Amino acid sequence: MTTAPAERFALRLHKVSKAFGGVQALNEVDFEVRAGEVHCLAGENGCGKSTLIKTVTGVHQPESAELIELFGEKIERINPVQAREKGVSVIWQDLALFPHMSVAENIAFDDLVGLRPRSVRYREMITRAGEVLDRLGVRIALSAPLNDLPIAQRQVVAIARALMNDAKLIFMDEPTASLTQSETDRLLDIVRKLSADGVAIVFVSHRLAEVLEIAERVTVVRDGNLVGVYPTDGMTQARLGELMTGHHIENDVAARDLPDAPVVFETRGLSRHGEFEDVSLTIKAGEVLGLTGLIGAGRTELAHVMMGMRKADAGTMLLNGADYHPGSIRHAIRKGLAYVSEDRLALGLLQKQSIEDNTVISVLGKLTAATGLISDTRKAELVRHWIRELGVKIGQPSDAISTLSGGNQQKVVLAKWLATKPRLLILDSPTVGVDVGARAGIFRIVRELAEEGLAILLISDEVTEVMHNSDRILHMADGRIVQNYDPRTISVPQLEERIYA
Amino acid sequence: MRDTLRSYTIETRLAVVLAVLCVVLSISAPQFATLPNATSLLNNSAVNLIWAVGLLVVLVAGGIDISFAVASSVVQYVAAKMLIGIGGGNWLLGFLFCGSLGILLGLLNAWLIHGFRIISIVVTIATFNAFFGLLMFFSGGRNIYNLPDWWTARIFIFEHENAQGIWSELTLSVAVMVGCVVATWVLIRRTNIGRQLYAFGDNPEGARRAGVNIAVMQGVAFGWMGLMAGIAGLMQVNIVKEVVPNALYGRELDVLAAVVLGGARLGGGKGTILGCILGVMFVAITQNGLNLLGVSPFAFQMIIGAAILVAISTSNIDLSQFFRSKEARS
Ligand SMILES: Nc1ncnc2c1ncn2[C@@H]1O[C@H](COP(=O)(O)OP(=O)(O)OP(=O)(O)O)[C@@H](O)[C@H]1O
Ligand SMILES: [Mg+2]
């Protein structure tokens, strides 16, 4: 029996630096991934994780680098095509797919890249794309334009694309951000299988439970600097959170009773065929109502009906005791509702506009000075307020949104809605892709808003999140509300068991 | 079946509208549904369609070009001077001259856009003015009549005389147009280069990360547009038998309107040859029909404007699609 070489590395980086203007995204970072290893890259939003991936794959060139080595071979300068030919593939955080192309072409697109003219074989493309999707155990119409797919399926397409060309090193930048629990489980299974076959995986996720479950080692980066490399054995979520943020994060049930608060919003027997049925709920002023359950339970559909984006078949809604029939989303917003939707990256931001303009776009009316023009001082003040409150990591408020890291873009969307000072705020999976520190920041603000009397509906898959931040929890399954829990009288494992049972 | 219908929504709709239009016109204008009218429609649309497929490539790649019609005029003028200078030339030289001159002008646009990171509409408005100004300056606005014989010769690829002694003919320009359409279809639909053009227009950052060579894509898109502009210039001379420096000025907007009507997306990533053909035919048939019915030509401009508004407002359903696509999820 021959012994394998002591340690073979898929990737080794020494002292790699990269700056964007004034922002030092990576500062002399070392990073090593063994062949066949599942290695997690962890850190707060904007700490440089995606930048590291882009530097290795030749999307960005580093300012300086002592060593970049791929599969034992020293790399001087690399471009994306060469990186792929060497066996590196990436699931990008923003997917980097082509919305008007078919699913099959998106999955097989990398085969088409290059300047040597050759003909496109659509049939072969469809077969190959179909095979990868089969491996993932999902069915998606291969000829449908990507545009037509919900965000979770687009994510699956991005995953399939990375698996297409038997890579030896796969970067997965938040691949589970918009996946459901069962899809996530399937992806983690595939990651394990790939790793067993000798493929190295670099996994980025803000869901720390997932990180600890899948990875063997974790490299923590803070503000572009390496904090350290740790085995996940014996690591806890709290410890990892501390390493990432540099301070301790408290997480506790904070439910309150609000016996005297007036009811802000109420539904009575609300139904929409095939989506949800007989939903009756009340939300009081100052209350955070958690709504959880499996995917397909009808939670987002319910939110859409509340926002006037579609109509209920039966039942009534009451807002401050008066009948409420929203005709459109604009109508709902005028009535004081706000909705942070689940795939806010697609809908919420004007990528080319500045951070400040994106933040204030929903409240322009409130920023007008006596002259009828937008007051720049008030605008700057408001933007500063929210950037500080949410801890958005930015260069200048006037920079384009597209220069922000993924998680920080999400914070801007939240800021945009929070700035409208609504009466009922619906948060649909508000912390997808947001780091632990910022999650705490976001929920501190949600708390403060609740204290001021705002009613909040918090929709989330993450049981811990709902537990720690709601006053009351509704469990929805198959379109019906099945249970009402008090976070103080149930534990996270108990609730998880009921939901996933 | 439903899938194909969906991916061709705009094209299908346009085809239906076009069919209805044809039926209405054949009833109300007796000359409409005749062979002579049909062939003259085709002859008159040839140059527009050559431009249109070139412009489609640019639109698909996320750009826009305002300068192509004037570029055709420049090509005509320079080619005429050069060909006369070398003693006449022939069709082969004509295609070579006009094609390569056109490509050069296209590459100039691409270089300005990519090299200086200026958006294509600004660059091509600038080159539109520059091309036209230079052309008028050097030509003094004078037409060129004494062109080589081969260039102005009438060449028919189809002739037919009906019972009343009226001739129907298809000119060489129609054959060239068919060639351009097929070549463009092969480029954007059947080659990896064309697919990278779509990808680049659809999501430039995604294309860059996949390793698509952006500079080359701009070059291919505008170079192809230039090639088509060169060929269109050559064929337009064959039709009108003279070089009139300002004859093509203003035609670019008609072509742009037709291509957009055909479903090409301003902003890139979407557009088909079929849509392009239907768009050009819609514009041509509307104009032809109104002519036959004796309606004022200004009505035509209004109708095309309204049609564009209807087409764009009913096809821009991205937002509603977004909500619809989420129905399956919670
Ligand atoms: N193209 C760019 N131009 C300017 N600044 C940039 C650019 N790309 C990234 N940055 C900055 O570099 C820093 C690191 O960003 P990066 O995207 O690597 O963060 P990240 O760790 O991936 O964060 P997240 O968890 O939010 O995805 C951020 O401060 C970001 O604003
Ligand atoms: Mg990132």
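User: Before we dig in, what counts as a polar contact here?

Analyst: A polar contact is a pair of N or O atoms within 3.5 Å. Keep in mind that this is a predicted model.

User: Great. How far is the side chain of A:Ser50 from ligand 1?

Analyst: An N or O atom in the A:Ser50 side chain sits 2.7 Å from an oxygen atom of ligand 1. For A:Thr51, a polar side-chain atom is 2.5 Å from a ligand oxygen. A:Thr403 uses its backbone instead, with an N or O atom 3.0 Å from an oxygen of ligand 1.

User: Which parts of chain A make up the shell around it?

Analyst: Strand E2 (23–34), helix H1 (49–56) and helix H14 (406–418) each give at least two residues. By domain, at least three come from each of domain 1 (6–245) and domain 3 (347–421). The shell's classes are 12 polar, 5 nonpolar and 4 charged residues.

User: Switching topic: is helix H15 of chain A buried or exposed?

Analyst: H15(A) is largely enclosed by the rest of the structure, because 12 of its 16 residues are buried. Among them are A:Phe443, A:Arg439 and A:Arg447.

User: What about its length, what span should its 16 residues have?

Analyst: At 1.5 Å a residue, H15 (residues 436–451) of chain A should span 22 Å, and its end C-alpha atoms are 22 Å apart, so the two agree.

User: What comes just after H15(A)?

Analyst: There you'll find A:Gly453, with a positive phi of about 105 degrees.

Conventions. Residues are numbered from 1 along each chain as its sequence is written. Chains are lettered from A and ligands numbered from 1 in the order in which they are written. This is a predicted model: local features need pLDDT of at least 70, side-chain atom pairs count only at pLDDT 80 or more; totals for chains, interfaces and linings use all residues. Side-chain values use heavy atoms; hydrogens and water are left out. Helices (H or I, at least four residues) and strands (E, at least two) are DSSP runs, numbered from the N terminus. The expected span of a helix is 1.5 Å times one less than its number of residues. Buried means under 20% relative accessible area, exposed over 50%, partly exposed in between (1.4 Å probe, protein chains only). A polar contact is a pair of N or O atoms within 3.5 Å; within protein, one must be able to donate a hydrogen and the other to accept it, and residues adjacent in sequence count only if both atoms are side-chain atoms. Ala, Val, Leu, Ile, Met, Phe, Trp, Tyr, Cys and Pro count as nonpolar, Asp, Glu, Lys and Arg as charged, and the others, Gly among them, as polar. Domain bounds come from an automatic or database domain assignment.
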